[in-house]
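I opened a new model today.

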Amino acid sequence: MVASATTRPHDVLLVEDDIADAMLIQDALADRGARNLTQVADGIEALEYLRDPANPRPDLIVLDLNMPRMNGREFLAVVKEDAELRTIPVVVLTTSSAPDDVSGAYRHHANAYVTKPVNLEEFEEAVRSIDTFYLDVAVKPPRA
């Protein structure tokens with residue numbers, strides 16, 4: 001069997017200002033194997049994290065849209081214009097199902113858009129599905 005990138009813990013950056021949602025996401029990922037989850041509260045903190053060479057490059061960014069200071073829309077636009085960061089998959093996970101938010105996210109090159117289910121079990125299943133696809137199924141470019 002060939003060793004692969006999955007032999008190390010996956011690094012996930014969660015950009016979410018709602019503490020309860022962040023805890024639910026963390027709990028949903030806890031039973032998925034080795035995951036290093038870093039949570040920040042807005043786009044400014046996320047960019048600071050991503051641009052700090054001491055931090056690991058995330059394998060996945062899970063992004064809320066509605067946050068203070070720099071919201072998810074603004075963050076997504078900056079990240080996908082940055083040659084160093086644009087290849088990191090970004091999944092928008094938000095309460096909004098507004099057509100303008102959905103089309104805007106894809107216009108700024110979000111890799112996926114998921115509306116947060118209200119039901120707890122469905123919420124956890126949505127998070128696990130994102131995790132399974134982006135961290136276990138999808139092939140990613142090799143780390144530099």
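**Ground rules.** I am working with a predicted model, where local features need pLDDT of at least 70, side-chain atom pairs count only at pLDDT 80 or more, and totals for chains, interfaces and linings use all residues. Residues are numbered from 1 along each chain as its sequence is written, and side-chain values use heavy atoms, with hydrogens and water left out.

**Entry 1: the annotated site.** I looked up Asp64. An unreviewed UniProt entry annotates Asp64 as "modified residue: 4-aspartylphosphate". Such annotations may be inferred rather than shown by experiment; positions follow the numbering used here, and feature names are shortened. Asp64 sits in the loop between strand 3 (60–63) and helix 3 (72–81). Helices (H or I, at least four residues) and strands (E, at least two) are DSSP runs, numbered from the N terminus.

Is Asp64 buried or exposed? I noted it as buried, because its relative accessibility is 5%. Buried means under 20% relative accessible area, exposed over 50%, partly exposed in between (1.4 Å probe, protein chains only).

Beyond neighbours within four places in sequence, Asp64 contacts Val15, Glu16, Asp17, Gly72, Leu93, Thr94 and Lys116. Contact means heavy atoms within 4.5 Å.

**Entry 2: the cores.** A nonpolar core is a set of buried Ala, Val, Leu, Ile, Met, Phe, Trp, Tyr and Cys residues joined through side-chain atoms within 4.5 Å. The largest one has 22 residues, and Val15 is among those with the most contacts inside it. Helix 2 gives the most to this core, four residues. Another core, of 16 residues, lies apart and includes Leu93.

**Entry 3: a strand residue.** Asp11 lies in strand 1. I marked Asp11 as buried because its relative accessible area is 10%.
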